[in-house]
Amino acid sequence: MSMENTRVLMVTDCNPQSQLFIDYIRQQLDCQVSALSTQESFEPPTNCKVVVLLDADHVDENCMHLWNSRASESPEMILAAFNLRDDEHAAELLISLHLQGVFYRQDNLLLICKGIAKLLEGDLWMSRNLMTRLIDFYRRQQLNAYRPVCGLTHRELEIIGLLGTGASNTEIADQLFVSEHTVKSHLYNIFRKIKVHNRIQAMNWARQNLGAPPMVSLRSTRKARMS
């Protein structure tokens, strides 16, 4: 890709070692690269993509959140962190920071340059293992957002969601690959937990308390029966 109108900014401790790092990136990517200490101010340039590399060894949590706020206000700013210990360290940061790239202490300079180039192209730069962990985290977070204080389980949420589509016990059982007896047992537990007495009351309760709970669609099952 063309590196015109692109820039790399390292937020780090400015020393001879960081200068060598800067010189190497500049040589590999042929773009403007500079360093900024945590105490210096920064005005994002207009019409220019900027990859901001936060040095985890020198940038504290408060400073990282400040840069995160700046990036949220500037669509041309791409936030990344380097010198991370491992995926655990990266996952901790990604929970609260909108990082688009992650680089580890053991990453060689050539790999880091490759990652920066991908970031400038609009891609993410993270390990597959880290992406999997993030997806799992946000799935759990989404599920917890829909779980009321009465403690419905994931399976019970699926069933009450299917109930809201007007599905019969037989259709629910077919969709979830369980017996009708199991569905009836789950419905009994659901009714008891949310303190209702029938399906209509349960559906009304779900609309009021869950909005659009995670559910399994019956569409594929019904199409199969119609064919």
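Helix 1 gives the largest share of the lining of the largest pocket, 4 residues. The model is predicted: local features need pLDDT of at least 70, side-chain atom pairs count only at pLDDT 80 or more, and totals for chains, interfaces and linings use all residues. Residues are numbered from 1 along each chain as its sequence is written, and side-chain values use heavy atoms, without hydrogens and water.

A pocket here is an open set of points on a 1 Å grid over the protein atoms alone, where a 1.4 Å probe fits, with protein on both sides within 12 Å along at least five of seven lines; lining residues have an atom within 4 Å of a point. The largest pocket holds about 300 Å³ of space. Of its 18 lining residues, Q17, F21, D55, F82 and N83 lie nearest the centre. At least two lining residues each come from helix 1, strand 4 (77-84) and helix 4.

| Class in the pocket lining | Count |
|---|---|
| nonpolar | 7 residues |
| polar | 6 residues |

From helix 1 the contact (heavy atoms within 4.5 Å) uses F21, Y24, I25, Q28 and L29, and from helix 4 L109, L110, I112, C113, I116 and A117. These contact residues comprise 10 nonpolar, 1 polar and no charged.

Note on methods. Ala, Val, Leu, Ile, Met, Phe, Trp, Tyr, Cys and Pro count as nonpolar, Asp, Glu, Lys and Arg as charged, and the others, Gly among them, as polar. Grid points are joined across faces, edges and corners, and a volume is the space filled by probe spheres set on the points.
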